[in-house]
Amino acid sequence: MEILVCARRVPDTSENEIEFNAAGNDIERDELVYSVNEADNYAVEEALQIRDRVGGSVTVVTVDGEEGEEILRRELAMGVNHAALVSDDAFNGSDGKGIATILKAFVEKGHYDLILTGVQADDGAAQVGGMVAAMLDYPFASLVNSIALEDGKLRVSREIEGGNREINEIDLPCVLSIQTGINEPRYVGMRGIRQVASVPIPTLAISDLAIDPDAVGEGAAKVKRVDYFVPASSKEAELLHGSRAENANRVLELLAAKGGLK
Amino acid sequence: MVGIYSPSYVADWLVPGRNLFAAIHVLGIACFIYIVSKRMVPLVRAQRDPRFDHPFIRLGRVSKFWLGQWKHPRYRFAGTLHILIFAGFILLAARAFAVLIVGVSPGFVMPGLSGRTGHIYETLTDYAATVVFLCMVVAAIRRLVFKPARYAVPSKYGKGHTADAVFLLGLIALLMVADSLFSASRFAGHAQQGQPVEALAFLSLPWMLQTAIGSVSLATLWGLNVGAYLVHEITFYFLLCYRPFGIQFHVETSLFSVYFSKLERGTLKPVRWGVSDEHLDQVKSFGVKTFEDFTWKHMLDFYSCADCGRCADNCPAHAVGRPLAPRFLTIKARDYVFQHYPVLGKADNGKSLIGNLYSEEEIWSCTTCGACEEECPLLLEYIDKIVDLRRGMIEDGKVPQSLQKPLKALESRGNPYGKMEKKRADWAKSPDLQLIGPVKVLDGKNGADTLYFVDSITSYDDRMQSIGRATSRILAGLGKNFGILGAAEKDSGHEVRRFGEETLFLALRDHNTEAIKQSGVQCIVTADPHAYNALKRDYKDVPAVEHISQLLAREARAGTLHFNAVDNKDRVFTYHDPCYLGRHNQVYDDPRHVLDSIPGLNRVEMKRSRDRSFCCGGGGLMLFYEPKEEQRMGVVRVRMAAEAGANVIVTACPFCMVNIEDAIKGAGMEGKMSVMDLTELVDQHMVRETGPEKAEKLETVTYGG
C-alpha cells in the first residue's frame, strides 16, 4: 500500500514559553524550538505499522520553508521511505484552503492508496485533511483511533463524545485524520537523524506542481487572523488554602452547592 | 584373596578394576571438556571486552572476594555455610584427586602429602568432609523446611529451583559419604588385618563410619571399600559434568568471573569496546539486541550466578513490585543460552531479546542504584547489561512515551523540562541571595577558581532551587571564588547515558566540556551526586570535581567551618545515602561527619544505610518514567526512616529530595516526617564571618518537629 502522510512543523508547546510579539498579532518566534506536530507523528507511526503489515511505502510531505526539512529528517529516521518538501514563496500566507490546494496537487503527482493527516495541528484548525479529501473527491474519516485493513477496504474507528466507539468502513483511496493515542510512536534520537542526514529530500516549488498562483498564498486566503490573545482567567476559580481535611470539606460543599453531588 | 587393597586390584568384575576406573576417568574428563567447550561457544561469538589489564589488582580481588569470600558474611547464616563448604572443597581438592588416582595407580600419594604432613592433611580433610556433609544437611533443611523467601521463584519466571538445589546438595553429600566410607572401610580392614594404621580424626564422618563397621567381616569391608570407591568416582564425574547445566557451574566459573570483574565503580562500559566516541557513527548497531551482543564477560556472568537471590533481595525495584529482579535477568539469560546453544545439536542464535526474553518494562524499571552489584558475592555486573539493553531499545525506537518528551527536550533545550535556556540561572537572581549578591555567571566577562555545576533539576525545579541558593551561600560563606555557567550549562546527561541515549549524552557532554574549559576554572563543585558522577566518570578533560559534602567535611575537619547548635531538641535526624554518592562513589563518611559536627544534632542510622542504602526511586529521567509498581520506593524508604526513630531525613541529592518529599505525602506522614538537603541544613547552621544575626535572615527551610 502506498501511503502519504501530511505533516507539519509547529512550535513545541511543551518546550516553549509562548509570549506575544510587540504587535500583538502573533507569538514571539525567536528562541522557539519546533517539532513535528504531535498528531502528525502518530499518523506517521500508523502509516509505518500498516506498511510493515501489508508492504508498500510511506511518503511524508510538508508545506513549509527550508526549515521543514528538520521534521522530514526526523520522520525519515523513524523509517518512512520518502520525504518531500513543498516550498515556494508564493505559498506564504495561505489559509487552510490554500494549503489543501497545494497538497491536492502533490497527491495528484503520485499514486497513493491512503492519505493520513494528524487530527489537527497544535496551532491549526483541523480543516486541511477534510478539504484535501473533498478536492480529490476521496472519502474522508476524521478522529480515527484505529485502522484495520479487510478485503481492500478499511475499518476505522473513532471515539464518540462520552467514550463510546464507532466503527466505519471506508473505501480506498481515502483520507483519514489520525487521533493521538492510536499507537505509541517510536522514539527517534540524534543518532537516527544523523544516519539519514545525507538522504536527499526533494523540494517541489509551485511550478513543479502546476498550481495556479491565484489559488494559493496571501492573496487567495479568505480566512485571515485578526487577533491573538490569552483569554482572561475566569473569576469562578477559587484556590483553597486550608489543611487537607478543610479543603476536602470545602470541595464537598462546593460540589453540593453547584449540583455536582446528587 | 581376602583383605583390603587398592580398588585398582579388583579382578572379579567383568573388567579389571583398574581398567574400569581408568575408563570412567577418560569418559568423565572427555565429557567435561566437551560440555565446557560447548558452553564457551557463545563467549567466542560475543562482543569484545578487554579485561586482561591489571593482573595484580585482579589477583588481589581473587584473594579477597573468591578465596576470602569477602561478601558472604553479609548474609550471616547462608554466608557462613558457604564459607565452610568453600573451605572444605578447597581442602578436599588434593584428597579427591589422590583418591581418583589410586584407582588406577595403587599406593599413589600426592607429592608433599606423605608422612606426618600427610597425616595432618588426612585429619584436616576428615573433618572437612564431615563439615561439608553437615553443611549439605543443614542447607537441605533450610531449602525444604525454612524456605528463605529470596529463593522463591515467582510463577512468571518458571518453576522453582528447590528440587534441583536439593538434588545437588544430595550429590555432594553422597560424595562426602563415599569418600569417608572409602577411608573408613580401608582403615577398618587394615586394623582387622593387624596392619599399623594411624587413627582417623576423632568424631569425624570417616571415624564414625569406621566405628560402625569395624567388626564386619573383611570380605564385606572389601566390598564396601570398592563399592564406595566406585560411587565416589561416578558421583565425582557426574557432578563435574552436571554442573555446567545449572547453578553449580559457578564452582568452575566463579574464579574467572571474579578475576575478570569490573574494576571501576560508577562507570559505564562504552557502546563498543575499542571504538572511540568519534567513530561511533560507524557502529552499525548500538547496545544489546540479541544474545550475541553481550560481551563475553557478561555471558560468563550468566554462567557464574549461583542463584543465591541476594541481588533481588536488595533490589528496590523488586521490593516495590516492579517487573524486575536482577536474579532473573541472569537466570533467564542462562536458560536462553542453554536452550539456544545446546550441548547436543546446533546453536540457533540471533533472536531479539526484548519482547522474548525480557520485557521493555523490565529493563526500564532499573534505577541503576547498584544495590545488586554491591551485594553479589561473585561481583557480577548488572548496570552495564541494563544500559546496553536500553541502548538497543533506544536505537529501535522502543521508548515509553513518558520518556520521549524529556529526551526530546534535552535535545532541543538541554534540560528535560523543555524550559528556556536563558532562564537556567534565574534561581541565582533571587532576593534570598542579596546577602552575598547574585551568583557570578562565568560567561567570559567573569572569572572564578571554582565552578558550581548546578545541573537541570536544581536550576529549574522551584523547590530544588533552594539547594542551589544554599550551596551558593555556603560557598560564599567559605570565601570561595566561584561562579556558575548559567545559560551555557546543559544537563550533565548522567541519566541520559544510563537510559541508553549515548548519542545525546555525548552531545551534552561535549557542550558542557567546552563551556567548562571556556570558564577557566580550576575545580568543580556540585551538590548533585548524579552530576558529580557524570563529571567524575563520564567526562574527560575537565577539572577535578567534588561533591559539596566532601568540601564541607574537609572544611569542618580543618576547623574552618563551624556550626551553631541545633535549637529544637525534638528533632531526630537520619542520613539517606544517595546511590551515586554512596555506593557508586563510596562517599559515606563525609556527609555524616558534617552532620555530626553540628552541636546537639541527634542522628540515628536506618537499618539499610551506607552500602545497603535503599534507593529513593531514582533520579534524572527516572522521575518521568511511569513504572508498573505496587508502591513507591520513596514511601518504603520514608517508613524505614520512621522505623529508625527519625523525623528529619537529610539527604545530599536533589532527586532524593523530590522522591522523599513526595513519599512523605504519599505515606501520609506530613508533619511527622520532613526531608531536607545537607546544604540546607549546613546553610542554616553554619557560623558566618558576617555574624549569626545576619545568617538568621537567610531563607529558612521549614522542617518538622
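Modeller: Just after α4(A), Asp137(A) takes a positive phi of about 60°. Mind that this is a predicted model, where local features need pLDDT of at least 70, side-chain atom pairs count only at pLDDT 80 or more, and totals for chains, interfaces and linings use all residues. Residues are numbered from 1 along each chain as its sequence is written, chains are lettered from A in the order in which they are written, and side-chain values use heavy atoms, without hydrogens and water.

Colleague: Which residues of helix α4 of chain A are buried?

Modeller: Gly129(A), Val132(A), Ala133(A) and Leu136(A). Buried means under 20% relative accessible area (1.4 Å probe, protein chains only). Helices here are DSSP runs (H or I, at least four residues) and strands are runs of E, at least two.

Colleague: Why do they sit on the same side of α4(A)?

Modeller: They cover an arc of only 100° around the axis, so they share a side. The arc is taken from the directions from the helix axis to the C-beta atoms.

Colleague: What do they pack against?

Modeller: α3, β6, β7 and β10 of chain A. Contact means heavy atoms within 4.5 Å.

Colleague: New topic. How many salt bridges are there between chain B and chain A?

Modeller: Eight. A salt bridge is a side-chain nitrogen of Lys or Arg within 4 Å of a carboxyl oxygen of Asp or Glu. One joins Glu670(B) and Arg244(A), at 2.4 Å, N to O.

Technical notes: Buried < 20%, exposed > 50% of the residue type's maximum accessible area, 1.4 Å probe, protein only.
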